[in-house]
Amino acid sequence: MKALVACPHCDLLQYEVLLAPRATAHCARCGTPLYRRAPCGPERTLAYTLAAAVCFVLANAFPLVALEVSGQRNSTTLLGAIVDLAGQGMELVAALVFATIWLAPLLQLAGLAYLLRARLRVRHARAEIQVLRLLAAIRPWSMVEVFVLGVLVALAKLMHMAQVLPGVALWSLAALMVLLAAALNAFDEHDFWELAAGDEVPQVAGDQAVVQ
Amino acid sequence: MSEAPAFVTAARLGLASCPDCALVQRLGADGRGRCPRCHAFVTLRKPNSLPRTWAFLLAATVLYPIANLLPIMRSGNLFNAQDDTILSGIAYLWVSGSWPLALVVFVASVLVPLLKIIALSWLALSVQRHARRHRRQRTHLYRLVELVGRWSMLDIFVVTLLSALVQLNSLAEVSAGPGALAFAGVVVFTMLASHSFDPRLIWDGAGRDD
């Protein structure tokens, strides 16, 4: 039986086609990407995720940037900057920054690790479906790459008034940005849903093939 | 049915795809259902898509001029104090020689939110008027809006960092201004607006020649 797919952007009903790794199926009418085959298996995706997790720890353990002006030195960490912002009466904005550059990436890493652990054992439960749903929901709100650009802009503004010293956390954050994107790109959501509980069992077709 | 359509949509056959796992399924008589695979709520189109989109757009439109007029950053030392709006911050970058960054900030903070509001308003209006032309281009525009919206958070992150770093007692101090809150509101509301809009509405009613 061929599976049906309806385009999320124009509702056109189409048959699914088998894809080569790295390939993406596009809607025949509006061109929206429908689904894709991941470039690599869950083992490599897990490796990206764990490497990104190490970078996340480093990005939090070390100062992000230090500033030196006529003998005075001031440095800040990722969370320290957010706490400072809240201390200036900007609690709502601080909460938004916290959610987009700290909480969302952390949830993405934890969710990916959880799903990949399950994927390697090929077993799917309700909890995993909830985690996958959560990953899809927070994806637009995870903004590490925007933050890294923001750091560059801030440094450019400070360069004329002080000596600016990039910290270990800044490099870790840049590495986290790349590795998290790689992990999310390598995670095969389509494949995951097909293995999810409650769907038709693919063995049926295999049995028929044996009988014939 | 008047004529055989060149394209068959899921809705025409009483089917809908699950918003979470994309499984195509038959809906109940009331146009609702529960996905048999992942138990998500499935509806034919996003519920109240247009009213929600308009509500978020209205909120963003009200906040946009406020975000641009109020200072987003306050800096000062012993001798003087200075309020910076988004635009004066860009002007500072430009004058100090970082014009590529000035351009990036201008696009992310000024242009993208404005174009997002205009683009989504146009999309919502065109759906309400049952526009038949440029369906493919409008879908592309929607995808673009979804893609670039998050980059508007750039200035919020810059202010967060500057206000944490520049705390040098009498020499210089920077703190976030009320414009930052309004600007954060613009970013969040435009993201929610684009999330509420259902691009399938663009294609509903498309026939053989559209």
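Student: What percentage of the residues of chain A count as buried?

Tutor: A residue is buried if 20 or more other C-beta atoms, placed from the backbone, lie within 10 Å of its own. In chain A, 37% of the 212 residues count as buried. Please keep in mind that this is a predicted model, where local features need pLDDT of at least 70, side-chain atom pairs count only at pLDDT 80 or more, and totals for chains, interfaces and linings use all residues. Residues are numbered from 1 along each chain as its sequence is written, and chains are lettered from A in the order in which they are written.

Student: How many helices and strands are there in chain A?

Tutor: Helices (H or I, at least four residues) and strands (E, at least two) are DSSP runs, numbered from the N terminus. Chain A has eight helices and seven strands.

Student: Which strands pair with β5(A)?

Tutor: Two strands pair if DSSP finds at least two bridges between them. β5 (residues 65–69) of chain A runs antiparallel to β6 (residues 72–76) of chain A, with five bridges. β5(A) is also joined by four bridges to β7 (residues 163–166) of chain A, again in the antiparallel sense. Take A:V65 as an example: A:T76 stands opposite in β6(A), while A:P166 is the bridge partner in β7(A).

Student: Which residue takes a positive phi in the hairpin of β5(A) and β6(A)?

Tutor: Look at A:S70, whose phi is near 35°. Two residues lie between the strands of this hairpin.

Student: Where are the domains of each chain?

Tutor: Domain bounds come from an automatic or database domain assignment. Chain A has domain 1 (1–37) and domain 2 (41–197), with C-alpha centres 30 Å apart. Chain B has domain 1 (1–44) and domain 2 (48–203), and their C-alpha centres lie 35 Å apart.

Student: How many residues of chain B are in contact with chain A?

Tutor: Two residues are in contact if their C-beta atoms, placed from the backbone, lie within 7 Å. By that rule, 53 residues of chain B touch 52 residues of chain A. On the chain B side, α5(B) gives the most, with 10 residues.

Student: What kinds of residues make up that side of chain B?

Tutor: There are 38 nonpolar, nine polar and six charged residues. Here Ala, Val, Leu, Ile, Met, Phe, Trp, Tyr, Cys and Pro count as nonpolar, Asp, Glu, Lys and Arg as charged, and the others, Gly among them, as polar.

Terms used. Buried ≥ 20, exposed ≤ 12 C-beta atoms within 10 Å, placed from the backbone.
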